[in-house]
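Student: I am new to this structure. Can we go through what its descriptions rest on?

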Amino acid sequence: MSEILPWITLVVCAGAALARLPSAVRGVNPTLFFIFLLATAAGILSIEQFYVAIDGALGGINIAHVVLRLIVFATIYLIAVRVTKGFGAPDAHRMIAGRPGLAMLGIFSAALVTVFLLMEPAASSVRFRDAGAASARNEALLPYYWAAARGYLAYVSLALLPALLRSVKESLPPLVRTGAALMAAGAVATVAGLCLEFAPPQILVVAPAVNNGAVVFYIAGLVLVWLARVKAASRGGHGTSSTER
Amino acid sequence: MPLPAKAFQRWLHGVAPDASVADVARASGVKRTTLAQQLVRGKVAEATVVGISRAFNINPVAALGSFEPYRDLGKPPIPPTLQELVSQIATADLLHAIISRTEPDAGTGKGTGPPGLSAPPHATSVKNWVDAIDDGELRHRVSTATGVAPQNYSAQLTANRLAPELAVATSRAAGVGLASGLVAAGLVTEAEAGWPPGARQAALDSMTDGELTVLAGERLQALGKTLRRQEHDQRQTETIWENLG
């Protein structure tokens with residue numbers, strides 16, 4: 001079951017990126033395409049066959065995993081910047097793209113890379129799962145690695161959550177509100193993903209579903225908001241049609 | 001609650017025994033396909049009966065009264081109250097009246113006094129009418145009598161719409177003339193509802209300067225609130241499109 005989940009995530013992300021390609025070529029919100037593209041790249045790196053091949057090219061010591069985590073940081077950062085601007089949440093925007101937000105990004109990225117460098121090189125394994133078995137030091141450091149990897153995502157998600165929940169309640173087009181609700185679900189799943197890192201092993205089996213669900217919810221939410229605009233434009237409602245821009 | 005097709009066919013046979021569906025559609029201005037569809041579904045809209053009645057010179061209110069749910073519309077009409085009459089004067093007409101009272105020579109330039117009142121309904125007819133007859137418990141009673149949830153009822157009022165059966169139910173619950181709500185909803189004209197000619201003008205003339213000014217002020221305040229909310233929603237939606245569309 002947990003083997004098929006990354007594939008579903010990849011298909012969703014790649015589908016969104018492909019669908020967004022024509023808009024990006026026209027120059028409409030290229031960031032959105034870039035977000036989907038990064039998510040697709042992260043999706044590819046989460047699949048065993050691709051991971052092993054790419055990591056092999058990078059020396060076979062799991063550097064690809066650090067790259068993957070940094071790609072995920074970049075993806076959620078861009079999503080958060082767009083969402084806080086779009087949904088008008090200046091406070092959340094400051095917490096993510098302002099000085100405190102960039103400081104958090106720097107701290108978590110530095111911590112991630114530092115912990116990785118402190119570990120002894122381990123053979124390529126997708127999701128870094130065999131790294132702990134390489135040595136006792138690695139096993140002790142691994143929780144810190146994951147705390148850094150998931151900590152930033154949870155921080156950004158917590159900062160986003162109030163703005164998303166507020167937008168669900170406001171009198172916006174129904175598709176926008178549904179999109180905001182999906183992204184809020186993504187934020188909750190992201191925070192749950194961090195908590196699961198410290199959970200007892202019995203409930204760890206749900207972790208892949210939670211972590212993949214978070215990505216799918218975020219991406220699906222963004223797609224829905226975009227569709228709301230397509231709908232509004234085709235009815236001549238608010239918003240300029242995307243061909244005019 | 002639309003009218004059953006069977007009862008409608010019986011009524012139509014009494015009104016125009018020899019007319020085909022196409023003839024009826026042509027005479028009444030109801031689209032032929034619309035009429036055919038309503039007959040197939042077994043539910044005929046009240047507006048269809050009104051349109052056909054007008055084409056065959058029958059009073060639409062009396063025509064509706066020949067259908068079971070509207071039986072009591074056939075009774076002799078209760079004259080509208082002063083508040084109801086005033087509620088069906090457009091805000092712009094109230095403002096005209098204020099100007100012509102304070103500066104009798106200014107304004108139209110025709111020298112024949114203020115222009116005639118525009119026919120109901122106006123942009124906030126439904127809500128103004130319900131407010132005019134509301135004793136504080138009216139909405140609650142309508143909701144109990146019809147089973148329509150209060151928030152759905154309020155949503156109709158805000159959208160300046162009122163389903164015919166709700167309009168009649170509101171009149172019943174308030175103990176006012178049964179056709180008044182149909183006037184406010186724009187289904188029938190004031191003359192068809194049995195309002196005496198010039199009744200609204202007479203009601204307006206009977207208001208003191210103070211009453212008129214306070215009423216116009218309330219209308220402007222409500223209008224201003226609605227416009228500001230619309231502008232706010234519009235701006236918000238545009239920000240979303242700019243960043244996430």
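Tutor: Start with angles: they run from 0 to 180 degrees between N-to-C directions, and the axes are lines fitted to C-alpha atoms. Keep in mind that this is a predicted model.

Student: What makes H4(A) roughly antiparallel to H6(A)?

Tutor: Helix H4 (residues 63-86) and helix H6 (residues 99-118) of chain A pack at an angle of about 170°. Angles over 145 count as roughly antiparallel. Therefore H4(A) is roughly antiparallel to H6(A). Their axes are 11 Å apart.

Student: Which residues make the contact?

Tutor: H4(A) brings A:Val66, A:Arg69, A:Leu70, A:Phe73 and A:Tyr77. From H6(A) come A:Leu105, A:Ser109, A:Leu112, A:Val113 and A:Phe116. By class, that contact has eight nonpolar, one polar and one charged residues.

Student: Now chain B. Why are the buried residues of H13(B) said to line one face of the helix?

Tutor: Helix H13 (residues 199-206) of chain B has B:Arg200, B:Ala203 and B:Leu204 buried. Buried means 20 or more other C-beta atoms within 10 Å of the residue's own. Down the axis of H13(B), these residues fall within an arc of 100°, so they line one face.

Student: What lies on the other side of H13(B)?

Tutor: B:Ala202, B:Asp205 and B:Ser206, which are exposed. The cover over the buried residues includes helix H6 (82-87) and helix H7 (91-102) of chain B.

Student: How many residues of chain B are in contact with chain A?

Tutor: Eleven, and they meet 18 residues of chain A. On the chain B side, three are nonpolar, six polar and two charged.

Notes. Residues are numbered from 1 along each chain as its sequence is written. Chains are lettered from A and ligands numbered from 1 in the order in which they are written. This is a predicted model: local features need pLDDT of at least 70, side-chain atom pairs count only at pLDDT 80 or more; totals for chains, interfaces and linings use all residues. Two residues are in contact if their C-beta atoms, placed from the backbone, lie within 7 Å. Ala, Val, Leu, Ile, Met, Phe, Trp, Tyr, Cys and Pro count as nonpolar, Asp, Glu, Lys and Arg as charged, and the others, Gly among them, as polar. Helices (H or I, at least four residues) and strands (E, at least two) are DSSP runs, numbered from the N terminus. Angles under 35 degrees count as roughly parallel, over 145 as roughly antiparallel, 65 to 115 as roughly perpendicular and the rest as oblique. A residue is buried if 20 or more other C-beta atoms lie within 10 Å of its own, exposed if 12 or fewer, and partly exposed in between; C-beta atoms are placed from the backbone. The arc is that of the directions from the helix axis to the C-beta atoms.
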